[in-house]
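Morning, everyone. Let me put the model up, and then we'll walk through it.

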Amino acid sequence: SLEAASIGFIIIIDRRRDKWSAVKASLTRIAGAFPGNLQLVFVLRPSRFIQRTIADIGIKLYRDDFKMKVPIIMLNSVSDLHGYIDKSQLTRELGGTLEYGHSQWIHHRTAIENFAMTVKTTAQMLQTFGTDLAETELPNDVQCTEDLLSTHTDHHSKLKDELKLAVKQGATLLTCIREPVTRSANSKLSPDELENVATVERLLAQLDETEKAFDQFWTKHHLKLEQCLQLRHFEHDFREVKLALDNLMEAQAGFADIGDSVTRVEHLLKEQKQLEEKGQEPLEKAQSLALHGEQLIQNNHYAVDSIRPKCVELRRICDDFTNETKKKYDILGKSLELHKQLDKASQWCEAGIYLLASQAVDKCQSQEGAETALIEIEKFLVTAKEHQLSNPKEFYNQFDMIITPEIKANAQRILQKLEDVQEMFDKRQVSLKKLAAKQTRPVQPVAPHPESSPKRASPKITRPA
C-alpha cells in the first residue's frame, strides 16, 4: 500500500538451501534494481557448513560492492529472525502465522494494475470523445445532421460497451479477491487482500463517476443533436410550405378581375372557390408546422430565436390569404349583386317598352280601354322599386368600392334608359288620362228651334273622336 511504501521495506532473503553465489546474486540485484525505500536486509545464510563459511567471508569482502546504504544482517536460523520480526508478520515458510500465497498475490496485483490501466484508458477515451463532441460544428442540412447523429450514437454505444466490459472486469476481480471469504465464513482477508479490495472498489467507483459524468454530457449532446435535426427538418418543411404559400398568394394577387356581367362574375366566384380549395392543403400544412414550431419552443429548443419568427410568418401568410379571400368574396358578391340589378333594370326597361308598344291605340280610344291601359301602366311602374336604380346617388354609394369606368359607363347607359322609359310612361299616362277624362264628359242634347219649319231637316250631332 502507499502507506506501507512510505514507511519503507525490509527484505528477507532465504538462502538456507542455496549457495553463497545465490546470496551474492540476490544482493546485487536488490542493490541495482529495488525501487522502494529500503530500511534493512536480512539474509538467512546457507545451512551447509562450507557455504556458510564462504558466505561469512564473502559478505565481508563484497559488502562495499553491493553499494547498499542499509544494514545487511546475516542470520543462521529462523529463530534468529524471530528476534527481529514478530511471527504474525512472517509467513509459514519462515515459521510465522501470516497467510500469504506469493503466486496469488502476484496474480491479484497484476490483475489490479491491468484493471487500473483499463480504467485510465477508458477515462481517456471518454474524455477524447467528449472533446470531439464539444468541438463538433452542427451541420446545416437534414442529411448531414442525420449522419452525424448516427455516427456519434454508434461511437457512444461502443464506448458504453467498453465501460460495461471494464465494470465487469472489476467486478470479476473483486469476486476473485473475496473468494476465500465467500468460500468459508470463518476465513478472513489478509491486510494485503483487504487493501486489494479497497483498491478495486476505488477503481470501480472512479469508473462509475466517469460513466455518470460521460452520460450526463452525452445526454446534453444527444439532445442538442436531436434538436438540431428537428430544426433542420423544420427549416426544410418551412421552405417547402413557404414556397407553396407564396405561389398561392401570387395566384390570389393575380385574381383582380371583378367581372363585367353576371355570367362572368359567377365564373370568377367559381374560380375563387377552386383557388380556396386548392389552398386548403398548404394552409393546413402551414398551421400544423407553426404548431410544431411552437411545441419545439415549449420544449426549450436552443434555436428559439430562429423558430419563433418563422411561426409568426407562417400564421401571418395564412391570415393574409384568409382575409384576402374574404375580401375577394365580398367584392365579387357586390359585383354579382350590381350586375344582377343592372340586368334587372335593363330587363325592366325592355319589358316597359314592350308593354307600351303592345297597348293598341284603337282600344285606348274608349273609356274602358284607356282605364285598362292606365291600370296596366300603374301596376308595371310599381315593379320599378325592385330594381333599386331609381336613385343614382344611392346606387353609386352602395357600389362605390367596385365601380370601374366600364361599369360606370354601363350603369349610366341603363340609368339613362330607365329615365327615358319612365318619361315614355309619364307621357303615355298623360295621354291616357286625357282620353279617359273626355269619355266621362256628359253629352248635351240639342232641342229643335221653335221657329223652324217642320220640313227642314235637323242638324246631325257629331261626337268627338
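Ground rules. This is a predicted model, where local features need pLDDT of at least 70, side-chain atom pairs count only at pLDDT 80 or more, and totals for chains, interfaces and linings use all residues. Residues are numbered from 1 along each chain as its sequence is written, and side-chain values use heavy atoms, with hydrogens and water left out.

Helices (H or I, at least four residues) and strands (E, at least two) are DSSP runs, numbered from the N terminus. Two strands pair if DSSP finds at least two bridges between them.

Start with strand β2, residues 38–44. Six of its seven residues are buried, meaning under 20% relative accessible area with a 1.4 Å probe, protein chains only. Strand β1, residues 9–14, pairs with β2 in the parallel sense, over six bridges. There, I12 has F42 as its bridge partner. β2 also pairs with strand β3, residues 72–75, again parallel, over four bridges. V41 is bridged to I72 in β3.

Now the helix. α6 covers residues 142–177, 36 residues in total. From first C-alpha to last, α6 reaches 52 Å, close to the 52 Å expected at 1.5 Å a residue; that expected span is 1.5 Å times one less than the number of residues.

Buried or exposed? H156 counts as buried because its relative accessibility is 12%. Beyond its neighbours within four places in sequence, H156 is in contact (heavy atoms within 4.5 Å) with F129, F214, D215 and W218.

Methods:
Buried < 20%, exposed > 50% of the residue type's maximum accessible area, 1.4 Å probe, protein only.
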